[in-house]
Amino acid sequence: MEVDRRHFVVGSSLALSGLAQAGAGNAARPATPTTRRRIATEEAFTTPAQTKAMLALADSSWPSLDLGLWRSRTIDSPMISHLSLEGDRLRLMDQSGIAMQVLSLTSPGVQMFDADLGVAIAEDANDRLAEHIRKYKGRYAGLATFTPQAPKQAVKEMERAISRLGLNGFICNSHTNGEYLDDAKYWPILEAAEALDRPIYIHPRSPSDAMTSAYGKYGLEFAVWGFQAEVGLHAMRLILGGVFDRFPRLKIIIGHMGENVPFHLGRSDTRHNREHAPIKRKPSEYFLDNFYITTSGVTDHLPLKYCIEKLGADKILWAVDYPYEFNQIAVDAMDAAPISEADREAIYFRNAERVFRIT
Ligand code: MN
């Protein structure tokens, strides 16, 4: 584990500076045999249009906490090239024995753009994603991007992404201009996901502008705390906002071993106040019924074992979080996890095939 720990520390700091995956995490290692089928489910890409528009925002004076990462990137920085659909992606997958990546447009997707620009960049990204999946048959699946800031166009694009492009689900990068999907204006989006019977993966972004003073210090706005606090908040808003009473078949996926939510379900139940949140069931019941979690960015075995016991192995999907984390470290961690082979198979690929309808 010592080698992995070193790579983990290096990887985490390099990811922020845009140098992750430059071979360091995979150097001098034999290729991992593909005796196990592995589907990685939170794997990022960018498009030229998204990159250009995000770098333009990074040049603006908008004090958004999300833009810190983009201000450290340039059009030719290593992180942007790792985020391209082509490049080293497939070679690094093969090297670590990863059969398939479920791809999604990198955070914050199109959610910081004006509606018209967001719609155009989402359509282009979904088209490119579908084309890439066709080109490398069996190696990729994809989550469609949409514009919460334009709910009507979002629904239209969600329908096109499934029925015309054959994509596998949806990605939403937490808040949109400080608002969350429990707000009634976003219900058409939840209704569409339920009707199409595809999950929405709620992926992190930094906390909203209203939280700048609380999070804009010590790097708190990123993966050290802000990402998981933000998505955990989003998940609890959906639960307490009664979203699952209204859309009982809606499926939500959250990464990073459940963004801390699984660990306080007991307290949420005992402290839930029906006057504040008049929902029909206990908060934990919605989490157990309507949520899936992924292992992205988490390699500790203890939270994995806890989540298997608390949620069931059929609710957990494996993920790397490429290119922000190293493929090999995620593979080594799941290969070595002290769990049953049946659970490992479920987490590595069976659940992903079922939830994303990968055939
Ligand atoms: Mn991610």
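Let's start at Y218, which at 69% relative accessibility counts as exposed (the cut-offs are over 50% for exposed and under 20% for buried, with partly exposed in between, using a 1.4 Å probe and protein chains only). Y218 sits in the loop between α9 (212-215) and α10 (226-240), where helices (H or I, at least four residues) and strands (E, at least two) are DSSP runs numbered from the N terminus. Its backbone is worth a look too: phi of Y218 is near 65 degrees, a positive value in a residue other than glycine.

Before going on, a word about the model: it is predicted, so local features need pLDDT of at least 70 and side-chain atom pairs count only at pLDDT 80 or more, while totals for chains, interfaces and linings use all residues. Residues are numbered from 1 along each chain as its sequence is written, and side-chain values use heavy atoms, with hydrogens and water left out.

Back to the backbone. Most residues other than glycine have a negative phi, and most peptide bonds are trans. H256 has a positive phi as well, near 50 degrees. H256 lies in the loop between β6 (252-254) and α12 (265-271), and with a relative accessible area of 18% it is buried. There are also cis peptide bonds to find. One runs from S107 to P108, with omega near 0 degrees, and P108 belongs to the loop between β2 (100-105) and α6. Another joins Y322 and P323, again with omega about 0 degrees; P323 is in the loop between β8 and α15.

The manganese ion has E42 (OE), H203 (NE2) and D321 (OD) as its protein donors, lying 1.9 to 2.2 Å from it. Donors here are N, O and S atoms within 2.8 Å of the metal (3.2 Å for Na, K and Ca), and since water is not among the atoms, sites may look incomplete. Along the sequence the donor residues are spaced E-x160-H-x117-D. E42 is in strand β1 (residues 39-45) and D321 in the loop between β8 (316-317) and α15 (327-336), so this pair ties together parts that are 279 residues apart in sequence. Both E42 and D321 are buried.

Now for helix α8 (187-196) and what leads into it. D182 is placed in the loop between β4 (169-172) and α8. With a relative accessible area of 14%, D182 is buried. Leaving out residues up to four places away in sequence, D182 touches W187, R237, L238 and V243, a contact being heavy atoms within 4.5 Å. In α8 itself, I189, L190, A192, A193 and E194 are buried. An α-helix has 3.6 residues a turn, so residues three or four places apart point the same way. The buried residues of α8 pack against α7 (151-163), β4, β5 (200-202) and α11 (243-246). After α8 comes D197, with a positive phi near 55 degrees.

What about cysteines? The structure holds zero disulfides, a disulfide being a pair of cysteine sulfur atoms within 2.5 Å. C172 is buried at 0% relative accessibility, and C307 is buried with a relative accessible area of 0%.

Finally, the empty space. Rolling a probe the size of a water molecule over the atoms shows where empty space is left. On a 1 Å grid over the protein atoms alone, a cavity is a set of points where a 1.4 Å probe fits but cannot get out, whereas a pocket is an open set with protein on both sides within 12 Å along at least five of seven lines; lining residues have an atom within 4 Å of a point. Points are joined across faces, edges and corners, and a volume is the space filled by probe spheres set on them.

There are three cavities of 30 Å³ or more. The largest cavity holds about 120 Å³ of space. Its lining has 18 residues, with T295, V298, T299, A330 and A333 nearest the centre. Two or more lining residues come from each of α14 (301-311) and α15, and α15 gives the most, with four residues. By class, this lining has 12 nonpolar, four polar and two charged residues (nonpolar means Ala, Val, Leu, Ile, Met, Phe, Trp, Tyr, Cys and Pro, charged means Asp, Glu, Lys and Arg, and the others, Gly among them, are polar).

The second largest pocket has a volume of about 350 Å³. Of its 19 lining residues, I133, Y140, G166, N168 and T359 are the closest to the centre. The elements giving two or more residues to this lining are α6 (115-135) and β3 (140-145), and the largest share, three residues, comes from α6. The pocket lining divides into 10 nonpolar, four polar and five charged residues.
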